[in-house]
Amino acid sequence: MKIVRFTEQGHTRIGKVVNDQVIDLSPVPGVSASMRQVITDLPQLRMALEEASGPAFSLSNVQLEAPVPDAQKFLGIGMNYRKHADEARLAGIPIPESQMWFNKQVSCINGPFSPVVKPDASDKMDYEIELGVVIGKRCRHVKASDAAAVIAGYLIVNDVSARDWLHKSPTFTLGKSFDTHGPTGPWLTTADEIPDPLNLDMKLYVNGELRQHSGSGDMIYDIYAQIEYLSTVMTLEPGDILATGTPSGIGAPTGRFLQPGDVMRLEIEGLGHIENRVVAEAAHS
């Protein structure tokens with residue numbers, strides 16, 4: 001299933017995408033207004049959600065929202081694609097000897113087609129296409145061999161990064177957490193629809209120009225190793241979002257940073273696409 005949060009006539013609710021329509025799931029008994037709660041209850045709700053048949057709206061007539069706006073954690077891993085790590089090494093940044101995780105504050109979560117604000121405080125705002133993994137079960141100490149069982153599904157993440165602010169905070173948190181700098185979506189594609197998440201084509205365009213193109217198989221640490229590593233430290237909760245790394249082609253090595261008016265389009269095979277226009281902070285306030 002493709003489970004979505006959508007707004008129609010000012011009312012936001014949970015639905016599923018079928019072809020070019022959104023089926024409203026809010027009438028289904030037990031469906032909460034919270035996607036995080038729906039993910040928690042998905043094992044019990046799945047059959048009813050799959051059988052639900054209406055009411056329906058055209059995708060073109062609704063506004064798609066961030067699938068999991070109430071995630072408790074939004075975590076990202078740095079330099080996890082081989083070619084991107086080589087790109088960083090050439091820029092003088094050493095390749096980490098273990099998984100390097102950082103926190104994106106959940107207040108940065110943004111919709112799949114919402115504007116991304118270029119802060120007045122940053123002159124080096126960059127894009128990063130990432131495969132987002134959404135946790136489906138409360139879990140701790142998960143072995144990589146068992147990790148697939150705790151994944152609810154997948155979505156696209158644009159890990160927008162203020163490069164100049166990354167250097168101001170060694171943890172990366174400030175440079176990764178400006179408001180609007182976490183577009184996600186367009187919906188949550190449940191794990192059963194993606195038989196091999198390590199073999200997905202990924203593309204990011206800026207103003208129609210292809211900037212990043214890779215397969216998810218170029219990860220150094222795959223998504224299962226990531227879950228094992230993180231769950232050694234912390235309890236993962238339903239709805240937690242893991243941004244699993246970006247391929248080469250970011251703007252930093254060439255100085256091609258984002259400017260107001262730029263349009264980013266991100267596509268991942270099987271997950272759809274998201275598209276965000278960059279706006280100036282003053283214009284957005």
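Modeller: Here is how a few of the labels come about, bearing in mind that this is a predicted model.

Biologist: What makes strand 9 and strand 16 edge strands?

Modeller: The open sheet has five strands in the order 9-19-18-15-16, with mixed pairing. Strand 9 (116–118) and strand 16 (209–215) each pair on one side only, so they are edges.

Biologist: How do you know that strand 15 and strand 16 pair?

Modeller: Pairing takes at least two bridges. Six bridges join strand 15 (residues 201–206) to strand 16, so the two count as paired, and they run antiparallel. Lysine 203, for one, stands opposite histidine 213 in strand 16.

Biologist: Why are the buried residues of helix 6 said to be on the same side?

Modeller: Those are Ile223, Tyr224, Gln226, Ile227, Leu230 and Ser231. They cover an arc of only 150 degrees around the axis, which puts them on the same side of helix 6. Their cover includes strand 6 (74–77), strand 11 (129–135) and strand 12 (151–158).

Biologist: Which residues touch the most other members of the largest nonpolar core?

Modeller: Among its 38 residues, they are Tyr154, Ile227, Leu242, Met264 and Ile268. Isoleucine 227 touches, among others, Val133, Ile135 and Leu242.

Technical notes
Residues are numbered from 1 along each chain as its sequence is written. This is a predicted model: local features need pLDDT of at least 70, side-chain atom pairs count only at pLDDT 80 or more; totals for chains, interfaces and linings use all residues. Side-chain values use heavy atoms; hydrogens and water are left out. Helices (H or I, at least four residues) and strands (E, at least two) are DSSP runs, numbered from the N terminus. Buried means under 20% relative accessible area, exposed over 50%, partly exposed in between (1.4 Å probe, protein chains only). The arc is that of the directions from the helix axis to the C-beta atoms. Contact means heavy atoms within 4.5 Å. A nonpolar core is a set of buried Ala, Val, Leu, Ile, Met, Phe, Trp, Tyr and Cys residues joined through side-chain atoms within 4.5 Å. Lists of a residue's contacts leave out its neighbours within four places in sequence.
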